[in-house]
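Okay, thanks for coming, everyone.

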Amino acid sequence: MILQVALDTPLRRLFDYKAPEPGIGETAHAVDGLTAGPTATALTPGIRVRVPFGRRQLVGVLIGTVATSSVDPAKLKAALEILDEVPVFDPVTFDLLRWAADYYHHPIGEVIAAALPVSLRAGQAADDIVESWTLTAAGIQELEAPAARRAPQQRALLRWLAEHAGAGPTPIAPGVGPAAGPTTDDINAVFKPALLRTVATRGWVAACRVMPQATRFELRPSEVSLTDAQGQVVDAITTSLGRFAAHMLHGVTGSGKTEVYLRVIAAAIADGGQALVLVPEIALTPQLVERFRQRFSAGVAVLHSALTGSDRRDAWRAAHGGQARIVIGTRSAVFTSMPNLALIVVDEEHDASYKQHEGFRYSARDLAVWRAQRAQVPIVLGSATPSLETLENVAQARYSRLLLPQRPGAARAPRMSLIDMRKHASEQGLSQPAMQAIKQHLSAGGQVIVFLNRRGYAPSLFCNACGWVAPCAHCDARMTLHRRADELRCHHCGARGPVPLICGECGQPLNPVGQGTERVEETLTRLYPDAPLARLDRDTAAARGAMEAVLERVHSGEARILVGTQMLTKGHHFPDVTLVVILDADQGLFASDYRATERLAQTITQVAGRAGRAARAGEVLIQTAFPEHPLLTKLITEGYEGFAVGALAERREAEWPPYSRLAMLRAEAKDTARLDEFLRAAAHCGQRFAAPDVKVLGPAPALIARRADHFRAHLLIESATRAVLQRFLARWLPQVEALPGPPGLRWSIDVDPLEVD
Ligand code: ADP
Ligand code: ZN
Ligand code: ZN
């Protein structure tokens, strides 16, 4: 029998191994664990296997077994050890991983590695079953036998065990042995680990395996009673429990979506089920996690990238073992093994962070829908600004539409208006009407948010005399001035440099041009010296805990003005914010990317939604030089829904997704001519069988055509349907792989890309 194993390597294939030599695996286990280890007969796909790989040993996952291998039998190596008796993924998750590798055309080994915590990839146990020890009959006899016969230490251990019998966890699984004693860890905390091994080999003690107790969680009552709209939404979702249904929950910002999630999750997990909640960024939504912990006393596991290895492993094990009843996590949590999955919630489903932008480029939102369908459970896609794909799925009746059109209680949607920057004087990007409004709201006791999606002090350092702009030496991009750090930084490659005092071309003095958040902070501090200010962007939030500190200053009311970037848009609830000023709505109005307007409308709506979330009315001011632009006027008069209807019509007209399917082949190399040659050859071999239903467009240079000294360009592949696109990619990519390329060439395929420039 041949084992086909997925290994964490960039090769798009499985690796063949012979089954481990009989006895080897067992011996290894008998020495470590002393209990009956996995036997060589249980070769279920989804278990982990330790194998030799070159000079290294790797832990891989068994995908299947076959009778014969195409590898020369003389070269075929034997696996070293079988690590699990049962798969490390529930069956649906295991299917999901294989499907995702296929759909995104990414090596299965890397896909699986992305789904497992590091310690499991290193071979640690997949469950936190503990061994609980008791004396055997022989052990009791030994203990009662005349002293002096044996080593005193061993006898001490036996005596200790006798004294501590029954101290360990209670076994809950059937057939796992007699009344439990201390665990291996308990014993090893008192005695040298070798000692336990010795007395076990002598047969004086025996272990039984004990599962951790399933956590009994207690549902605390909600403080609010649902509004009628919330009640209807909760009913619609709970009636669909037990089967697949996709629900779009379109609730304006502050409409009480989180309260809905809490209620439907309580219903979904009441009979022992588990719920998976995906959120864009945990660090940005501490309030959400806190609300879950308050409502459900136990069994909430949180999974995100900032966890330490062992916390991540413990959370994963709790999910896999069923003790965690609710898993809240960022995109990779979609791959968490949850055998009793009963419901999936994707909060802020439109958020770009659900798409991984490098390596394995998957969309966690899309995979969550696939998983829900395969697991036959409902999924809730919540947002105040649903993505156009999701709205189209609603239009096609594939998803249901659930609405929360209003904020509960006294809170009302904020009043939005445009400020024409051509008509008003401004100071460092702040118009007169905005300055007046800030003053008014501050003196009325409100807090103010000023949004600008650009960090740093100024986006360029400019010479008035000759027009020179400080460039990045490694990119086709300008350096951003960071005044507090006193350096120039490239936001594309991370290069840093000193701030030049005079122009590199003509020697005249240089001026910072334009505004970033740092400069806006400076201006606001000067204009409103009595209003303490907090700034939230990647620079102020870089240090651990820094973001929490900034948010706390706003929540406590100490800070009166909050300046920030994109990070402000996500889910924050600041009851005292009454005014939101959006400084520069125009970035994005004329961008080449077909999704730019959708992103802009979402950002504006989300930022605007931070205003007036409690009793006080909110006001939103949007500064623009193009107040007659249809995107802005639609957004003001008809709201996000009005915008979306128009935007979908444009997409249909232009045959962009969701009315077509795209993939991007991105490539980069130092040699621009040979990069172009490679992409042309790739396009050419695609065109040979692309047929009329697949278009291969390009090569075209990337928006930043040179980054970190590499030239970047791409091909865009377009087709009317997923199926056709998938068939094409499956035939084409192996040929691209075989093409020669320049030294240092890197390329990748991105299925359903979020950005196409
Ligand atoms: P969303 O998730 O849609 O942005 P939240 O769930 O955070 O909205 O709710 C916004 C605010 O409204 C919160 O302070 C929440 O406690 C409150 N809220 C939610 N539902 C109700 C309700 N039925 N009655 C009163 N207040 C509510
Ligand atoms: Zn100059
Ligand atoms: Zn650069």
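This is a predicted model: local features need pLDDT of at least 70, side-chain atom pairs count only at pLDDT 80 or more; totals for chains, interfaces and linings use all residues.

The donor residues of the zinc ion (ligand 3) follow the spacing C-x2-C-x14-C-x2-C in sequence. Those donors are Cys-472, Cys-475, Cys-490 and Cys-493, each through SG, at 2.3 Å; a donor here is an N, O or S atom within 2.8 Å of the metal, or 3.2 Å for Na, K and Ca, and water is not among the atoms, so sites may look incomplete. Cys-472 sits in the loop between strand S19 (460–462) and strand S20 (480–482), and Cys-490 in the loop between strand S21 (487–489) and strand S22 (496–497), so this pair ties together parts 18 residues apart in sequence. Helices (H or I, at least four residues) and strands (E, at least two) are DSSP runs, numbered from the N terminus. The angles among the four donor atoms run from 104 to 115 degrees, and the site is tetrahedral; for four donors that takes all angles between 85 and 135 degrees. Cys-472 and Cys-490 are both buried, meaning under 20% relative accessible area, with exposed being over 50% and partly exposed in between (1.4 Å probe, protein chains only).

Residues are numbered from 1 along each chain as its sequence is written, chains are lettered from A and ligands numbered from 1 in the order in which they are written, and side-chain values use heavy atoms, leaving out hydrogens and water.

Now, which residues coordinate the zinc ion (ligand 2)? Here we have Cys-463, Cys-466, Cys-503 and Cys-506, again through SG, at 2.2 to 2.4 Å. Their spacing in sequence is C-x2-C-x36-C-x2-C. Why tetrahedral? Because the four donor atoms subtend angles of 102 to 114 degrees. Cys-503 is buried at 4% relative accessibility, while Cys-506, at 34%, counts as partly exposed.

While we're around here, look at Asp-486, in the loop between S20 and S21. Asp-486 has a positive phi of about 55 degrees and isn't a glycine. Most residues other than glycine have a negative phi.

Next, His-247, in strand S8 (residues 245–251). His-247 is buried, with a relative accessible area of 5%. Its side chain makes a polar contact with the side chain of Ser-400 at 2.8 Å; that term means a pair of N or O atoms within 3.5 Å, and within protein one must be able to donate a hydrogen and the other to accept it, with residues adjacent in sequence counting only if both atoms are side-chain atoms.

Then there's Arg-48, in strand S3 (residues 48–53). Arg-48 counts as buried, at 1% relative accessibility. The Arg-48 side chain reaches the backbone oxygen of Leu-120 at 2.6 Å and the backbone oxygen of Gln-124 at 2.8 Å.

Last stop, the prolines. The peptide bond from Pro-657 to Pro-658 is cis, with omega near 5 degrees, and so is the one from Gly-698 to Pro-699, with omega near 10 degrees.

Definitions and conventions: Four donors count as tetrahedral if all angles lie between 85 and 135 degrees; four count as square planar and six as octahedral if opposite donors are over 155 degrees apart and all others between 65 and 115; anything else is irregular.
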